[in-house]
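Subject: Model handover

Hi,

Please load it first, then read the notes below.

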Amino acid sequence: QMSTPVFPLPYTFDVDKTNEYVNRTVTFESQKKQKQRKAISRLTTWKITVKGNNTDKQALEAFHDSVNGDAGSFYFYDENNTQVLCRFVDGKLPMTLKREFTSSTTTHGTVVGFTSSLTIEKVI
């Protein structure tokens, strides 16, 4: 029995928390419409930004691999510091790498950090 991993890095909220009820509208032949609930609980998603140095980048990549992208679940502490069971919304791990660069740099610069914007959702 493996324990559920916890999101490994500090993050900043872009205060993009969305609560959504998953419903669908059914139209009958009589053109009457009815709303049907597809899920009992609401779907909650958060957009977060993580940033850090190269070690943090490797930690995030290893964590993303360990939960198989969007396939596995993990614990995440929300804006109220409540532990919530979550998963990544999709399997991609977007990163912007930050390089140290000066006019005298002979290479394209050394990666000194990164930022990553992620969307995670509550497992319902």
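The notes below cover confidence and aromatic pairs.

This is a predicted model, where local features need pLDDT of at least 70, side-chain atom pairs count only at pLDDT 80 or more, and totals for chains, interfaces and linings use all residues. Residues are numbered from 1 along each chain as its sequence is written, and side-chain values use heavy atoms, with hydrogens and water left out.

Confidence: pLDDT is the predictor's confidence in each residue, from 0 to 100. The chain has a mean pLDDT of 84. Of its residues, 86% reach 70 or more. Helices (H or I, at least four residues) and strands (E, at least two) are DSSP runs, numbered from the N terminus.

Aromatic pairs: a search of the whole structure finds eight. Rings of Phe, Tyr and Trp (its six-membered ring) pair if their centres lie within 6.5 Å; planes under 30 degrees apart count as stacked, over 60 as edge-to-face and the rest as tilted.

Phe-7 and Phe-88 have ring centres 6.4 Å apart and planes at 65°, so this pair is edge-to-face. Phe-7 sits in the segment before strand E1 (12-20), and Phe-88 in strand E6 (residues 83-88), 81 residues apart. Both are buried (under 20% relative accessible area, with exposed over 50% and partly exposed in between; 1.4 Å probe, protein chains only).

Phe-74 and Phe-88 have ring centres 4.9 Å apart and planes at 45°, so this pair is tilted. Phe-74 lies in strand E5 (residues 74-77), 14 residues from Phe-88. Phe-74 is buried too.

Ring pairs join Phe-7, Trp-46, Phe-63, Phe-74, Phe-76 and Phe-88 into a cluster.

Best regards
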